[in-house]
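Hi,

Here is the structure I promised to pass on.

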Amino acid sequence: MTGELDLLAELLKHSPALIVAIPLLGAFLTPLIGKINDKIRNGFAVFIVALTSFFAFLLANDILSNGSIRTYVFGGGSALTDGGFAVRILFEIDGMNAFMAIIASILALAGVIYSWSFMKENTGLDKYYTLILLMIAGMFGMILTGDMFNFFVFLEITSIAACALIAFRTNQGKAVDAGFKYIVISAIGALFILFAIAILYSQYNALNMAVLAREIQLTFLDKIALALLITGLAMKAGIVPMHMWLPDAYGRAPASVTLLLVGATQASLYGALRMTSTLYGKNIVGVIKHADFNLFSQVVFDITLNGVLGFIVILLAILTIFIGVLMALKETNFKRMIAFAAVAEIGYIILAIGSAFLAVSSIDSVTSSAVLSQPGYMALKGGIFHILNDALDIGLLFLVAGAIYYTTKETSLNKLGGLARNMKYTTIFFLIGLLAVAGMPPLNGFASKILIYESTYQVNPILSIIAILCSILLLAAFVKVFHSAFLGPKQEKFDNVKEAPKSMLVAMGILACIIIFIGLFPEYVLNNIVTPAADALVNFGNYIHAVDSNYVISLIGGF
Amino acid sequence: MLYQISRFIEQWLDSFKTGSEAFGVGFWNPLAWIISIIIAFLIVYIIRGMGKNEYKEKTEQTKVFLSGNPEAEKEKMHVKASNVYWGFLETLKWLYKGLDKMHNGNVSDYVLWFVIILGVTLLLIGGI
Amino acid sequence: MSGMSRIVKTVTNITFPLVLIYGLYVIAHGHLTPGGGFQGGAVVASGLAMILVAYGSVWTMGKINEKHLSALESVGALGFIGLAFLGLIFGTWFFNNYLVGDEFLFGEIGKGLANINTAGVIPLMNFAVGLKVIAGLFAIVLVMAYATRLKEGK
Amino acid sequence: MIYQIPYIAVVALILIGLYAIIFRRNLIKMVIGITLIESGVNLFLITLAFRKESTAPIYHGTGSRLMSLPVPHALTLTSIVIGVAVTALMLTLVIHIYKHYKTLDARKIGMEGDEE
């Protein structure tokens with residue numbers, strides 16, 4: 001019995017490294033296994049991702065239930081060297097990382113299971129599985145890492161693998177073109193992020209996020225680095241007006257890849273969150289809960305920075321929601337239309353985050369302590385919750401679009417129609433995804449959107465009015481899709497269309513079940529998964545403390 | 001006894017509010033929504049049951065009747081996706097013209113947008 | 001791409017071993033001098049690219065297939081990850097340098113402060129990375145040259 | 001002043017690269033632009049590592065001389081490796097694009113519409 005416990009504890013200790021290492025190992029084993037048999041290779045890929053997800057869930061369970069922070073230093077030893085240099089590469093997992101790891105593992109699992117049937121007719125599948133496992137490894141790396149440069153490396157790994165996957169169907173010119181756009185955009189974004197990392201390194205001689213967060217002084221160069229980081233990651237996350245690559249790439253990639261691309265986009269968004277609220281935690285959002293007066297003396301808390309940042313983010317968020325929804329209303333290509341909806345959904349997330357920033361700045365500090373106000377905290381929670389819901393809903397819709405492409409070889413909504421007669425389960429899944437994205441109760445999209453509406457209403461009523469209006473427009477856009485693809489008279493050219501294959505239904509079913517579960521028990525998910533993540537972002541001091549134990553701050557207040 | 005019953009009813013009613021700070025006060029409980037959806041389905045079912053039951057398939061009754069006009073092909077009968085919100089799109093044509101220009105598929109322009117936003121952010125954040 | 005003149009071929013034949021040895025030297029001394037798996041691998045791959053230019057892509061494609069190169073690349077990557085996993089098994093952490101201060105691998109060659117056997121597992125990782133880079137870069141160049149061969153005829 | 005020149009070069013390289021990406025039509029020139037930005041960032045990293053009168057960070061056994069920082073060198077190497085991968089991928093895609101469209105003009109390709 002104790003032996004089992006020891007093994008579990010040992011696995012738990014090493015799981016941060018294993019989560020990234022297992023897909024990497026699997027990626028390079030796949031071409032060798034693919035020489036034996038195709039089915040064995042597919043099964044192997046599913047097995048690898050399932051193993052990774054198992055470790056991710058193990059880790060997330062531990063982190064989220066205990067509220068602890070785990071660090072994993074590669075090569076062993078302590079996080080800091082004797083002289084206090086922070087050059088060792090380490091993974092640091094707190095609530096937010098664990099939360100993102102859950103999302104990534106769900107998406108990865110669904111994506112790999114889905115591709116079993118979906119990619120059956122394509123050639124070169126050895127490479128496909130290698131790339132998909134590489135992309136999963138990169139995604140997990142981005143999410144788990146606690147090192148700036150490592151973040152950049154995993155960002156690039158993800159984008160290279162993603163680009164090759166977008167352009168996987170090289171017989172389609174548009175797909176290749178979308179891949180080229182994606183790689184140009186991500187290369188430029190990543191290079192500017194690297195530039196920002198170099199600026200930070202030049203000042204503090206550290207690449208470790210926790211040490212940087214401890215040291216940061218918000219000099220002029222730091223502000224430049226902040227702007228570079230935010231803009232670079234915002235472009236990777238597809239925020240208007242830097243979103244135009246997103247519909248091109250999402251629309252042209254195979255559906256299983258699109259699902260993972262959603263995950264990669266979320267990971268970039270996570271990066272932006274981590275940069276603003278942990279790395280610049282002293283200056284932006286992090287200080288809020290830790291209104292420790294000793295800490296305050298060293299903190300260069302800049303209330304204007306919060307205001308300006310909140311202003312920028314909210315402006316971009318409103319633009320993102322509006323343009324995403326308007327384009328989704330007009331678009332007639334199935335996958336591009338969902339991609340625009342995805343843009344709008346990202347807008348909701350950053351609207352919440354921007355409101356959190358703004359809520360901090362608008363609280364005047366009578367006791368010289370800027371405590372995150374209740375609406376700000378709620379907005380942060382809503383935004384984080386919506387990351388999960390967005391990934392699931394949009395992912396499910398993309399899978400449905402892929403299933404329709406698989407059975408009819410058609411993506412134009414003008415040519416589809418009456419498919420509900422042939423594809424019952426797919427229709428049900430689409431209906432679930434539609435209602436969830438539009439924020440209809442009792443599905444998951446509603447649970448997070450109500451948080452966003454309520455909190456933004458207290459920040460500024462106009463924001464929540466715009467958000468609700470755009471949600472209705474989003475529903476209208478999806479009703480259009482539902483009408484034109486699934487309803488209507490039975491068409492002769494689709495007489496032979498059958499239900500999607502089993503593996504695709506299983507993948508869609510997984511996502512749909514999770515959506516319904518979250519919809520029915522939003523409180524449970526909110527308290528057990530989302531709140532630890534939001535707390536982890538707010539308590540940036542704990543993040544530093546996990547690496548540098550000399551850095552102690554006492555907790556006061558709380559909610 | 002009476003007190004206990006009234007207390008129980010109160011608690012039951014309370015369960016329809018989410019009862020937490022997070023979701024505010026209101027009938028946002030998923031349970032309430034499921035119950036109301038089931039009730040709505042029941043009502044629809046009852047209304048459907050009230051319909052005439054002399055309906056027979058594949059007879060004159062099921063034929064499409066378009067004010068005496070001949071029925072077009074099935075594919076032509078279906079409202080196309082691009083026609084669904086025609087009025088809305090027509091009204092906002094001025095806006096969509098600009099938006100379409102934005103999404104021109106040229107990666108140079110995409111990068112130009114990035115540079116513009118980068119410049120604005122640098123000015124705003126660096127300027128404070 | 002067809003082959004070039006006899007002079008170029010002869011010069012390539014002479015210089016290629018030198019380039020190869022230099023590249024392998026850079027790989028082997030990666031932990032002591034500037035260099036390492038990637039740099040040495042790039043040097044070797046550039047030597048192979050020289051052969052490709054001199055003899056033409058069709059000839060080279062006949063000698064070595066791009067599929068073999070991909071397999072070799074996988075083996076290199078597997079070696080790297082495998083060594084990292086061995087760190088988990090023999091040492092205590094992933095990527096642990098469990099061979100450092102050990103003598104069984106290079107034995108007497110490696111004695112001394114600035115010799116091969118001072119870095120434990122790092123030279124092995126360099127070899128793995130070098131293999132991957134040689135195979136990968138050469139595969140890229142080869143495939144690109146082969147893809148553009150059709151333009152020559154026009 | 002002589003130590004400021006690399007930073008000027010960094011900015012110049014990045015700006016030239018951005019110019020090439022934004023205002024050049026040819027896809028290959030855009031790829032060149034990206035490599036220029038990458039060189040600029042790499043040069044920036046290398047410049048950060050340099051200290052006045054420092055030597056390469058290699059141990060020769062004796063003497064304690066000022067060495068330049070090795071960490072940015074490692075970062076630069078990694079970023080070069082990534083750059084090679086990105087460049088190779090982009091050029092491969094350019095070859096494919098040329099096969100499909102018979103042109104490299106960025107303005108003539110990539111228009112998304114209902115082309116079916």
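At what angle do helix H15 (residues 424–438) of chain A and H18(A) pack, and how far apart are their axes? Before I get to that, bear in mind that this is a predicted model. The angle is about 35°, and the axes lie 10 Å apart. The crossing of H15(A) past H18(A) is left-handed.

As for who meets whom, H15(A) brings A:Tyr425, A:Phe429, A:Ile432 and A:Ala436. Facing them from H18(A) are A:Leu505, A:Met508, A:Ala512, A:Ile515 and A:Ile516. That contact is made up of 9 nonpolar residues, with no polar and no charged ones.

Next, the contact between the chains. Chain A puts in 50 residues and chain B 39. On the chain A side, the helices that give two or more residues include H6 (173–204), H12 (303–330), H17 (461–486) and H18 (502–520). By type, the chain A side that touches chain B splits into 31 nonpolar, 10 polar and 9 charged residues.

Last, the inside. The largest nonpolar core counts 326 residues, and A:Ala101, A:Ile166 and A:Leu399 have the most contacts within it. H6(A) is the top contributor to this core, with 22 residues.

Cheers

Note on methods
Residues are numbered from 1 along each chain as its sequence is written. Chains are lettered from A and ligands numbered from 1 in the order in which they are written. This is a predicted model: local features need pLDDT of at least 70, side-chain atom pairs count only at pLDDT 80 or more; totals for chains, interfaces and linings use all residues. Two residues are in contact if their C-beta atoms, placed from the backbone, lie within 7 Å. Helices (H or I, at least four residues) and strands (E, at least two) are DSSP runs, numbered from the N terminus. Ala, Val, Leu, Ile, Met, Phe, Trp, Tyr, Cys and Pro count as nonpolar, Asp, Glu, Lys and Arg as charged, and the others, Gly among them, as polar. A nonpolar core is a set of buried Ala, Val, Leu, Ile, Met, Phe, Trp, Tyr and Cys residues joined through C-beta atoms within 7 Å. A residue is buried if 20 or more other C-beta atoms lie within 10 Å of its own, exposed if 12 or fewer, and partly exposed in between; C-beta atoms are placed from the backbone. Axes are lines fitted to C-alpha atoms, for helices over the stretch in contact, and angles run from 0 to 180 degrees between N-to-C directions. A crossing is left-handed if the near helix is turned anticlockwise from the far one by less than a right angle, and right-handed if clockwise.
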